Amino acid sequence: MDSNGNASGGKRKRGRKPKQPSAAAPDNKNNHHAGPSALSNANAASDSPDPEPASSSPAPRGRGRKSRRVRNEPPSDADAVPPPRRGGPKGLPNGGAEAPAAAEPSRREHALKVVEVPAAVDPLRWEQVVRVMPSMDAVVKVFCVHTEPNFSLPWQRKRQYSSSSSGFIIGGRRVLTNAHSVEHHTQVKLKKRGSDTKYLATVLAIGNECDMAMLTVEDDEFWEGVSPVEFGPLPALQDAVTVVGYPIGGDTISVTSGVVSRIEILSYVHGSTELLGLQIDAAINSGNSGGPAFNDKGKCVGIAFQSLKHEDAENIGYVIPTPVIKHFIEDYEKSGEYTGFPILGVEWQKMENPDLRKAMGMKADQKGVRIRRVEPTAPESGCLKPSDIILSFDGIDIANDGTVPFRHGERIGFSYLVSQKYTGEKARVKVLRNSKILEFNIKLATHKRLIPAHIKGRPPSYYIVAGFVFTSVSVPYLRSEYGKDYEYDAPVKLLDKHMHAMAQSPDEQIVVVSQVLVADINIGYEEIVNIQVLAFNGTPVKNLKHLATMVEQCNEEFMKFDLDYDQVVVLETKTAKDATQDILTTHCIPSAMSEDLKT
């Protein structure tokens, strides 16, 4: 070691800035101390061991020398020859006898020789990159301007904001991305890889349940020179996946890789549904949404859509698999619009307890799940009853824990079988009732929630009289009023209806007094906030339009609103209606009711 902390094998003069060292250290003993680089990391997995062990001497103090390893094979004898020292005659290395020109390359020739990358650095890895490259050209960046409704002030919208996400081109001049990437959009633009042009896009369909959206571009130039992505089969556990997109941290395309770590029924956060999903250990960050996940053959096996952020979890991302993607595409092609994923319309209970099975009249060889409740709005309500035991769905037996065979060595919830159907299709259900086996052909339909998870891009409905703002409850409304933790902060009775109540009719809604715009007419009622309206002048309220119609047609002297928690609001009819217009003018509200209530 010299005073500068350099290996003695390549001693240099003091006071002069050292030149960039060659890839292989002159003495072949310091290769393992070479600093990391982008190129060496790419080949680290296939590096061969050095012919001599690494030096055991301690690392030098101060700033170490950088080096770059680019070869996959051990250094040759020619690489081990020290470079010529300064001070010797030209062509005479180290001042010694003259040597043949081929035996001692110049410093420039030596550097060029070392930095040159062989054509076959890693043949297997290179072939994989070549296979994926055409598919990566079909990945686009999605720019969207959102204008969300203001549920607290439903007669106006919030300030617009912009977002960027990912998408990819499929057949039929269409582009797939996530539903939450274009939700409440006012403008959508797409940009291809390597292009500086943004093309205006049109949203063809949005599937909130499956968190997917389909776009198209009218400009023919957008589709030139791009091959659509091809879909592959559902991957198996430990299969390699590559997620491609435009996440935060840069403007160019990004690639992350991992493996499939789990396949099961997942909770889709945006859709508030449960569908088949893949769990992978590749990084999925903001902006990756809508980007494709490729297998090692360059075929798309899913769409990145959400990740798990938890202090006890790392690198857990979720991908929408190809069965769900194809269902969304075929649903649109069949009906020209998105109709949704059907459900069975029942709540069920596991039958794992032997005493429970015996009490329900099940034989030793019979398995299934018990129906707890049937949704009144579902077609199944006409044939299925509580305490029926569902034995099979479309000829596939259901286990006592509610699972069915999926693939070799795997099982999955039987709701997967239901989600494979399309809205309006029929399914054969075998049930056990009073120790008798019955079979029904059931027409499947979508879920009618009492408190819907989405308003499907429509503006929120509202009605105002005497300063009382009435609106219908939805999940976006609760989130707007109480934030992301609405499931903890919202009123208990509204949460109970959200989690457990079932709609008794297709048009039933939960109507609440959202707020009271203070005026002389409503003195004493100012603190009424988010309380359900049960009846008007003794008539139960079915939905918001029903309430608005009754109020507008009221000819009685007083208007009486029966609220939850046994509260009552009474207003003089003529005075309340006269005061409404003044209140609207004071708060710059254009109309006393939303457009959907006027029709």
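At 30% relative accessibility, Arg193 is partly exposed in this predicted model. Arg193 pairs with Asp137 in a salt bridge, and the closest N and O atoms are 3.1 Å apart. Asp137 sits in the loop between helix H3 (123-136) and strand S1 (139-146), and Arg193 in the loop between strand S4 (185-192) and strand S5 (198-200), so the pair ties together parts that are 56 residues apart in sequence. Asp137 is also partly exposed, with a relative accessible area of 36%. Side chains of opposite charge can pair when their charged atoms come close. The structure holds 15 salt bridges.

Glu347 takes part in a further group of charged residues. A network of salt bridges links Glu347, Arg372 and Arg373. Between Glu347 and Arg372, the closest N and O atoms are 3.2 Å apart. Glu347 has a relative accessibility of 22%. The value is 41% for Arg372 and 31% for Arg373.

Seven strands form an open sheet in the order S5-S4-S1-S2-S3-S7-S6, with antiparallel pairing. S5 and strand S6 (202-207) are the edge strands, and each pairs on one side only. From one strand to the next, the twist averages 35 degrees. Within the sheet, strand S2 (residues 161-170) and strand S3 (residues 174-177) run antiparallel and are joined by three bridges. Ile170 has Arg174 in S3 as its bridge partner. Helix H4 (residues 322-335) lies across S2, S3, S6 and strand S7 (212-216). The helix runs at about 55 degrees to S7.

Lys456 lies in the loop between strand S21 (436-443) and strand S22 (462-465). At 62% relative accessibility, Lys456 is exposed. Asp566 is placed in the loop between strand S27 (558-563) and S28. With a relative accessible area of 77%, Asp566 is exposed.

Val568 is located in strand S28 (residues 568-572). Together with Phe558 and Val570, Val568 forms a nonpolar patch on the surface. The accessible area of these residues together is about 240 Å². Val568 has a relative accessible area of 43%, so it counts as partly exposed. That value also clears the cut-off for patch members, which is over 30% relative accessible area.

Methods: Residues numbered from 1 in each chain as written. Predicted model: local features only at pLDDT ≥ 70, side-chain atom pairs only at ≥ 80, totals over all residues. Heavy atoms only, no water. Patch = residues over 30% accessible without salt bridge, like charges linked within 9 Å, V, L, I, M, F, W, Y side chains within 5 Å. Areas by Shrake-Rupley, 256 points an atom, 1.4 Å probe, with all protein chains shown as cover. Salt bridge = Lys/Arg side-chain N within 4 Å of Asp/Glu carboxyl O. Helix = DSSP H or I, 4+ residues; strand = E, 2+ residues; numbered from the N terminus. Buried < 20%, exposed > 50% of the residue type's maximum accessible area, 1.4 Å probe, protein only. Pairing = 2+ DSSP bridges. Axes fitted to C-alpha atoms, helices over the stretch in contact; angles between N-to-C directions. Contact = heavy atoms within 4.5 Å.
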